There are 2 protein chains.
Amino acid sequence: MSASTTRPMRDRVAEFVTALQDEIVGAFERLDPESPPFKRDSWLRAKGGSGRSCVFATPEIDPATVGPNERPSVLEKAGVNVSVVHGTLPGPAIRQMRGDHQSMPLPEDLPGGLPFFAAGISLVIHPRNPHAPTTHANYRYFEICEHSTEGSEEPGKLLAWWFGGGSDLTPNYLYEEDAEHFHKTIKSHIEPHGSALYPALKKWCDEYFYIPHRGEARGIGGIFFDDLNSGKHLKIPLPEGRDGDNTLRPYSQEECFQFLQAAGKSFIPSYLPILERRYKAPSTPLQRRWQLVRRGRYVEFNLIYDRGTKFGLMTPEARVESILMSLPETVRWEYMTELGGEGTEEGKLMDAVKNVREWV
Amino acid sequence: MSASTTRPMRDRVAEFVTALQDEIVGAFERLDPESPPFKRDSWLRAKGGSGRSCVFATPEIDPATVGPNERPSVLEKAGVNVSVVHGTLPGPAIRQMRGDHQSMPLPEDLPGGLPFFAAGISLVIHPRNPHAPTTHANYRYFEICEHSTEGSEEPGKLLAWWFGGGSDLTPNYLYEEDAEHFHKTIKSHIEPHGSALYPALKKWCDEYFYIPHRGEARGIGGIFFDDLNSGKHLKIPLPEGRDGDNTLRPYSQEECFQFLQAAGKSFIPSYLPILERRYKAPSTPLQRRWQLVRRGRYVEFNLIYDRGTKFGLMTPEARVESILMSLPETVRWEYMTELGGEGTEEGKLMDAVKNVREWV
């Protein structure tokens with residue numbers, strides 16, 4: 001066992017997401033050195049923990065008023081958040097959580113709640129160019145413990161832990177090679193951690209990022225997972241008799257963390273090459289308008305269906321600005337828009353979000 | 001009893017909302033004769049009933065590219081919808097409704113659901129000028145009946161009925177005289193129908209149009225009510241021993257309908273004079289930006305909290321475009337916007353939405 005694996009998992013995950021944040025923000029800043037850097041914004045949570053938001057926004061630049069020698073920024077709005085928080089989870093919140101986390105071995109009676117720990121990275125990138133896709137990624141680790149012994153600085157006995165996360169792509173125009181690149185890159189990074197992962201998590205992503213009232217997916221998918229721990233997982237079905245086989249999926253805390261790191265590290269190679277080849281593409285006012293209309297769907301999903309957003313906003317003392325950082329800067333809603341019809345470039349995207357495809 | 005009062009209430013309400021729609025759309029069209037008229041869009045509901053959407057939208061006009069001799073339209077996006085629908089309400093939907101409609105004398109056991117009828121008008125007006133406020137109004141009538149006798153064209157026996165509605169104002173800049181005019185006009189129209197109405201419905205409006213995660217009201221209020229029928233109403237408290245006194249509130253179906261008509265008819269005089277005095281006001285890019293940021297709050301309320309929107313979107317075969325017609329055309333989300341600070345004109349509006357006031 002190496003020195004690193006003897007350290008508490010909570011510290012190792014916190015370190016990983018913090019380093020990944022620096023790496024990701026650095027990659028975007030190097031791509032667009034003439035634009036202002038991300039704004040770093042560290043915050044403390046009154047009830048325990050801290051975080052750092054790195055946000056890109058240039059509200060003063062309106063593409064309609066950019067002068068002939070000015071260059072609009074590559075990104076329009078982007079946020080890469082890290083939070084490492086702890087505190088007490090009230091009994092009702094734990095009970096509500098148990099529905100989703102069936103393997104959580106928690107006591108029935110929870111007067112006063114239980115200590116929790118959560119560390120995660122969450123990011124959303126909205127480029128300016130209509131041909132460059134929006135992307136989102138989120139990787140997190142959660143613990144629930146017994147109360148610590150009085151006077152001790154150490155957390156109490158670990159009762160439950162799990163990992164969650166994923167990454168997905170939301171283009172305005174369908175470039176099949178982009179969708180293939182995105183999916184292939186993620187798949188190749190996570191495959192060494194279990195051959196059942198990509199198919200199960202790709203399917204879960206398609207199910208999760210779905211807008212029922214529109215009958216369309218938010219984008220062209222990626223991977224999504226939650227509640228990953230050493231227990232049996234209903235969303236990761238395995239062939240008969242193969243439960244416990246760690247060539248199919250990670251089981252131990254260490255294996256799950258290795259997988260999480262691989263998934264997190266796939267973000268830059270899965271997305272940056274796509275952004276690089278699209279951000280300079282010439283675009284028309286109609287293409288910009290279509291981008292803004294599509295962003296409306298993004299907002300509809302995030303505000304109506306996204307569990308993270310809903311759960312976040314309902315949390316007392318939530319940092320609303322960090323939660324809603326995911327929303328695009330400029331958005332449009334048109335009544336019965338005539339854009340997106342069959343036979344148009346916009347229509348090709350509509351077909352891809354209405355009919356889920358395999359990209360690898 | 002006049003001839004009109006012998007006609008079924010469902011027909012009378014349908015006639016009223018249809019005439020009100022024409023009147024309101026006509027008033028906006030006369031105010032801005034150079035802009036294209038509202039687009040009339042009649043639709044049939046496969047499972048029973050019909051409606052007409054009247055929508056104003058000019059997606060091609062971008063204020064940034066309007067030529068020196070062109071005049072931007074007064075409205076940016078507006079919709080005035082009427083729907084008159086009927087069908088069968090499934091058992092679970094009725095049970096869910098009973099929570100809100102306590103005086104509904106419905107059978108416990110509802111195999112196959114019950115016939116319903118609903119007629120209403122719903123409108124949202126988003127003017128282009130940042131100094132002109134957004135407004136919303138909605139007036140509706142609902143019936144639940146027994147199944148009709150086989151072979152009969154007539155609806156079955158009426159089991160429950162109620163009226164609902166309201167109207168509210170959402171300015172981007174606080175003009176106290178506008179807020180006062182809006183509230184005073186509505187109050188003077190509805191007061192003859194019961195002196196307890198305005199205070200109770202004003203309070204209910206402030207409670208309903210509230211965005212908890214922002215700690216702010218959507219706007220400066222108006223009136224809001226639901227479940228109004230001949231039963232006792234928890235949201236319209238009356239002085240001890242005065243229950244049944246129709247000088248305080250309407251009770252009979254006829255009285256409630258008279259009140260609904262008065263409230264509906266207050267819309268044009270409550271709003272149009274405000275629009276007329278604001279729509280030509282000069283405005284700066286910062287004021288436009290602030291308007292778009294405030295519209296973000298409007299979207300947050302409608303998509304996260306508004307019961308009508310949520311209930312609508314969850315309804316199978318809902319007409320999504322009519323439900324989301326309420327969303328503004330162009331919207332912005334800024335991370336930790338620096339707009340709205342104390343001592344600014346934007347800050348004055350923030351104070352009004354964070355601290356509920358009496359306007360009459």
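Which residue is the bridge partner of B:Ser122 in β5(B)? In this predicted model, the partner is B:Asn138. The two residues belong to a pair of strands in chain B, β4 (residues 114-127) and β5(B), which run antiparallel and are held by 10 bridges. Strand β5 (residues 134-145) of chain B is largely enclosed by the rest of the structure, because 11 of its 12 residues are buried.

Strand β10 (residues 330-332) of chain A lies antiparallel to β10(B), and 3 bridges join them. In this pairing, A:Thr330 is placed opposite B:Arg332.

The contact between the chains involves 32 residues of chain B and 32 residues of chain A. Together the chains bury about 3,100 Å², and carbon and sulfur atoms account for 63% of this area. On the side of chain B, the residues that lose the most area to chain A are B:Glu321, B:Trp333 and B:Tyr335, which together make up 26% of what that side buries.

Between chain B and chain A, 14 residue pairs are in polar contact. Five elements of chain B, namely β2 (49-57), α7 (285-305), α8 (307-314), α9 (320-323) and β10 (330-332), each supply at least two residues to the side that touches chain A. The most comes from α7(B), with 6 residues. Sorted by class, this side of chain B holds 18 nonpolar, 4 polar and 10 charged residues. The two chains are linked by 4 salt bridges. One salt bridge is formed by the side chains of B:Glu329 and A:Arg332, with an N to O distance of 3.5 Å.

Over all chains, the structure holds 64 salt bridges. In chain A, A:Arg319 and A:Asp41 form one of them, their closest N and O atoms lying 3.4 Å apart. This pair links distant parts of the chain, since A:Arg319 sits in the loop between α8 (307-314) and α9 (320-323) and A:Asp41 in strand β1 (residues 39-44), 278 residues apart. A:Arg319 counts as partly exposed because its relative accessibility is 23%, whereas A:Asp41, at 16%, counts as buried.

A further salt bridge in chain A joins A:Asp168 and A:Arg218, with the closest N and O atoms 2.9 Å apart. A:Asp168 belongs to strand β6 (residues 158-170) and A:Arg218 to the loop between β8 (216-217) and β9 (222-228), so the pair ties together parts that are 50 residues apart in sequence. A:Asp168 is buried, with a relative accessible area of 2%, and A:Arg218 is buried at 4%.

In chain B, B:Asp41 and B:Arg319 form a salt bridge with the closest N and O atoms 3.4 Å apart. B:Asp41 lies in strand β1 (residues 39-44) and B:Arg319 in the loop between α8 and α9, so parts 278 residues apart in sequence are tied together. B:Asp41 is buried at a relative accessible area of 16%, while B:Arg319 is partly exposed at 24%. Finally, salt bridges with shared partners join A:Arg289, A:Arg332, A:Glu334, A:Glu338 and B:Glu329 into one network.

Key:
Residues numbered from 1 in each chain as written. Chains lettered and ligands numbered in written order. Predicted model: local features only at pLDDT ≥ 70, side-chain atom pairs only at ≥ 80, totals over all residues. Heavy atoms only, no water. Contact = heavy atoms within 4.5 Å. Buried area = accessible area lost by both parts, 1.4 Å probe. Polar contact = N/O pair within 3.5 Å; in protein donor to acceptor, adjacent residues only side chain to side chain. Helix = DSSP H or I, 4+ residues; strand = E, 2+ residues; numbered from the N terminus. Nonpolar A, V, L, I, M, F, W, Y, C, P; charged D, E, K, R; others polar. Pairing = 2+ DSSP bridges. Buried < 20%, exposed > 50% of the residue type's maximum accessible area, 1.4 Å probe, protein only.
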